[in-house]
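Hi,

Here's the structure I promised you. Have a look at it first, and then read my notes below.

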Amino acid sequence: MREFINELKKYATPVNTAIIILNIVVIIAQAILDEVWGGERFTYTFSLAWWKVFDEKQYYRLLTYMFLHAGFSHIFNNMIVLGFVGSTAERMMGSFRYAVAYISSGLVAGLASCAYNRWCWGQASEAGGYYNYSLGASGAVFGAVGALIFIVIINRGRVAGITLRQLILFLILSVYAGLTSTGIDNAAHIAGVLFGFVSAAILYNRQGGYA
């Protein structure tokens, strides 16, 4: 039992655990309020939409969208990845630096999504249908993956049992799945992982522990 608890503690870093709990609380509130208000009003009010951000200046959506999800299978997949990758990144970067990397990656991923969808709408006909909403933690989660890729590289290929090959394989499969599926925000994923890598290059202190 003690070994199980010690193993669990490895994945229960403070910031990452708080993020996971917040996501769970929000999706429960999301389900309740959408039912009470009707028409998924809560979800649409806080999801990402390029015309709401750029034209109507609703910048809060760049933060709130990353805590919403399109159902319990969506949040389950994101939180499973975050539970493993985020906790390792937090232990290596320190809690404060990890929090900055995670949130900033989500913000940049949201901006990239808005810019890409605005560009698509500008290139498409009026019937193109690019007035779409985006939601989910995956842009920020990919930021955690990108940060961990940098950390693994700087530590010569392996950190806490995670290898660079494993992370690259995960990215390839994720990008492939995104390109061959509908409803996947590939712009957010790509921007998230790239900015996560850059943020770790700026914030990671190889000599440090928790910040």
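Asp55 and Arg118 join their side chains in a salt bridge, at 3.8 Å from N to O (the term means a side-chain nitrogen of Lys or Arg within 4 Å of a carboxyl oxygen of Asp or Glu). Asp55 sits in the loop between α4 (50-54) and α5 (61-64) and Arg118 in helix α7 (residues 95-123), so the pair ties together parts that are 63 residues apart in sequence. Helices here are DSSP runs (H or I, at least four residues), numbered from the N terminus.

Before going on: this is a predicted model, where local features need pLDDT of at least 70 and side-chain atom pairs count only at pLDDT 80 or more, while totals for chains, interfaces and linings use all residues. Residues are numbered from 1 along each chain as its sequence is written, and side-chain values use heavy atoms, leaving out hydrogens and water.

How buried or exposed are the two partners? Asp55 is partly exposed, with a relative accessible area of 45%, and Arg118 is partly exposed at 39%. (Buried is under 20% relative accessible area, exposed is over 50%, and partly exposed is in between, with a 1.4 Å probe and protein chains only.)

The count comes to two salt bridges. Lys52 and Glu56 form one of them, at 3.5 Å from N to O. Here Lys52 is buried, with a relative accessible area of 18%, whereas Glu56 is partly exposed at 39%.

Why can such pairs form? Side chains of opposite charge can pair when their charged atoms come close.

Cheers

Notes
Helices (H or I, at least four residues) and strands (E, at least two) are DSSP runs, numbered from the N terminus.
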